[in-house]
Amino acid sequence: MPIHWKPRFLWTLLVPILSIPRSLASETFEEELTIRALPDGKVASRFSFSTLLEGATPRNPQNLSAEDTSQHYTLFPLALGQILREYAVAEMHLTLNAGKWDYERWGYPDETDVGSGAELWAWMGDGAGATVDERWRGLRNALAGLFCASLGSLDELRTTSPAFSFAPHGGVPDAPLPLAIRHASMPSEHVCTENLTSFLKLLPCKSLSGIASLLNPHRLFDADWHGMGLHVAWLPDEGVQVRLTFQSVADPLRASLSKRDWSFASMFDRTIDRTCPSTASSRVIVALPLNEAYSIHPQPSSVEQGHAIFDLEGQNPPLDVSMQWAVDFDHAAVRPRSAEAPLSVRRTLQGSSQDLGRLSVFITNDGTADIQAAYLETMPWIVQFYLHTMTLRVDGVTRDDLIQNISYIPPIPHARAMTFQAVLALPARSTVHLSIDVRKAFLRYTEHPPDAQRGWDLPPAVLVPLGIGSGVERHGRRIYTPTLLVDLATPDFSMPYNVIIFSCTLVAYIFASVFNLLTRRFVVLHAELN
Amino acid sequence: MKLLLDVGLVFPVLVAGRLLLALTNLSGVLKHNHQLSSPLTSYLNLQEGIYLFKNGIDPYSGGVFRQSPLFLALFTTVLPTSRTACSIIWTLCDAIGAWALVQLWRARQRVAQTSRDGLIAAAYLLNPYLFLSTLALSTSSFENTLALLSLLFAARGLASPSLLAAALLLQLSLSSVLLLAPSILLLASSPVSQLASPRPFVGNGKKILPLLAEFLVYTTVLTLASTLVSSGWAWIPQTWGASLTLPDLTPNVGVWWYFFTEMFDHFRPFFLMVFSIHLVIYVAPVCIKFQYDPLYAAFVLLGVLGTFKPYPTMADPGLFLSMIAIFPEIYPYLRYPIVTTLLHLHAALLMPLFHHLWLNQGTGNANFFYASTLVFACANGAALTDCVWAGLRIAIGEPQDGYVVVQE
């Protein structure tokens, strides 16, 4: 009897699993690699892997206490899906970048979020049983585990809510609850191989085939600039889209001073040997030079608007796209500033004192038109602004009328970060100099990091040009300034006991002396003369 | 010499000199100085609070502004905020303080005028601890003046003004609640020096409770006014609460800041409680021991505050030191005035130097400045214990030959 019992039991187990109705919508996976030569001879490449869960909507946070519907995906990364459902995240963006994106020489990046270090922002429905802050904490920690990054340090001290500069990309679900944003950035995060490994695990073909096979950590982390991103958004009428991106700026001129020729083999040390079977579309797009002689190999599938498009389906593997220029690169011809990005920002923290400093921001508008721009500063509480010292100058002339709509959330020591946002009017062909005095805080000795003398990295400021876009993008793209390093005064870490002992001794000594005098009486004694 | 000490001449000359000094650009240099202004009294923070208040942002929603809402009310309506105007206001406030000290001395001596008046005015107006703080536009100048006015009115028996000044002082600084007990005792008795002839409390003990009630009424009214000005109760944890929880660890001349910088997190609440209670512990014994001379009790408690207050500035011990001038009867009984003076000199010279080495030059570390604040606390403690000793020892007088005076 027992021999027959076991297989029958297994069969009864299997029946309900197989008979689950596939009520979930279909999923499509698309991958794309965009390569373009930058004006200064470097080559920017952008990998984009997007998975669309058709017909899905973000979870309603009001149903968080109820049991969630079971999740079955074929292409959509389950580990990520679970996190998104668990914390009812409507939209989420995580970027891990290394290096400083040089807007002046490279223009705008293909992916907007290029702030140095780790940056995470999420829109979540507000007002449910579990508060936004609780879910934000959970999201942070879950992503920290998923990406092997220290995102857990994006705590309350670094969290702000800059709703204007970080508007949702996708649609806002018709949920009964309003959405709230949480944003935090951690400029000192180092991006490395372990982050890429966990990034690749979210792809259906990992790095075994398709465009993802070019993601070779040895080459990518050797690039002048590199960054990876995870973007989740809800697209109305389509579904939930997860987009994994990887951007890098390689420098072919590093190997040879005059040849800026590149190929997959030279940039990634790999070629595409086979296609990923799960993709709906898999394309390599190369921006073609406008007024220069070049040759591109192999023959592109099609050419549209100055872009060569290689459809991986139609190409014979192994695919190794390469590009050669007829003439050598002329370093002298590099223009210092790209016309595409008329705004450039320089931000410094001045003053050698560990007590007071001055934040000085130079914003140059090279265009011929005046530009309105939203300027956002988010600072951990260790740097406190003295807003009454804020001045705006254009060519040495004070122009306080250029700043408007200041919104300011002051920092709370040991608890809350500061948010400063204002709309700046940037006159054409001029440089606006904004300066604010800042006070550097004194921390408890337990609040200092182990390498306290290194200083604290401050998040980048964000500048959003207003009203220059068209259509859906009403505003221009975000411009991130470089990060800053602030040098805080440190106590002596070796002697907490000594300080406690010294101070207590002093207090006790004075206390005892006073009480000794107050409690004992004076008496006159006859002196014995020996 | 007599002419030099004549208050009618000395006082205007000194005030004029101070005004001239105030109009120089010294305040621009000194206003950042951590020894002259603490986070609770700093002019920069006051200006920031006024700016936020004027621009419709609640200054108490953050952690920068920690002064009383009464300052907001005054500086956004009556008083100007430009630095020159402020320098003049602060100096005039010091002049009132000096005048109050002279009047206090006259009330104690029960005479209309003495030859020491000019000297006492000079002791207040020329005390570097006090006038540098005033030049740095630290609001502790207002605290000192209010403390002196409260004592002066109490010495003259003017109950309501005295209690009002004490209530205002409490709005500016929570720790000054220590002065309430001697002020009320002073109102119930007399300011005349009784140090040499101790006796039980002779005043009218029945007056104490109504006086206390009156003080509570003033405090309640002012608290409600502050709440009205700042439209909310958030100012209480930001101003009074800061004296109890020490959220801002900016270095100052006191003993709290480095102790709580280096304190282990799980012991922090315990030691905050110990340090806060430690201040209050002095009130009863000092008032009981000096029940025959409440003005002296107030003086001793000012010494305690100058040494152990949570956010002291140079002006706090400065007030104690200047007040020694109105108790000349204790001078012969001071045991080690020279040692105390040298300690003060040592600390006053080393503190700015070590502060600069630590924070600006980068060649010293926090221990340098901490050590000099310890010396400063020793100096203040030495002055305090010496004054308590002398105030008690005076009752015995000089012993005859063959006799010695000892403590039981």
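A residue counts as buried if 20 or more other C-beta atoms lie within 10 Å of its own. Keep that cut-off in mind for this tour of a predicted model.

Start by selecting B:L172. This leucine sits in helix α10 of chain B, which covers residues 159-172. B:L172 has 20 other C-beta atoms within 10 Å, and is therefore buried. Now show what surrounds it: apart from neighbours within four places in sequence, B:L172 is in contact with B:S68, B:T139, B:F142, B:E143 and B:L146.

Next, select B:L104 and draw the C-alpha to C-alpha distance from B:L172. The two are 22 Å apart in space and 68 residues apart in sequence.

From B:L104, go to B:L151. Leaving out residues up to four places away in sequence, B:L151 touches B:L104, B:S183, B:L186, B:L295 and B:A298. Both B:L104 and B:L151 are among the residues that touch the most other members of the largest nonpolar core, which has 260 residues. In chain A, domain 1 (23-333) and domain 2 (343-486) each give the core at least three residues.

Finish with two stretches of chain B that an unreviewed UniProt entry lists as "transmembrane region", 162-187 and 208-236. Select residues 162-187: the chain there is 73% helix and 0% strand, with its end C-alpha atoms 8 Å apart. Then select residues 208-236, where the chain is 83% helix and 0% strand and the end C-alpha atoms are 27 Å apart.

Key: Residues numbered from 1 in each chain as written. Chains lettered and ligands numbered in written order. Predicted model: local features only at pLDDT ≥ 70, side-chain atom pairs only at ≥ 80, totals over all residues. Core = buried A, V, L, I, M, F, W, Y, C linked by C-beta atoms within 7 Å. Buried ≥ 20, exposed ≤ 12 C-beta atoms within 10 Å, placed from the backbone. Domains from an automatic or database assignment. Contact = placed C-beta atoms within 7 Å. Helix = DSSP H or I, 4+ residues; strand = E, 2+ residues; numbered from the N terminus. UniProt positions renumbered as here; feature names shortened; annotations may be inferred.
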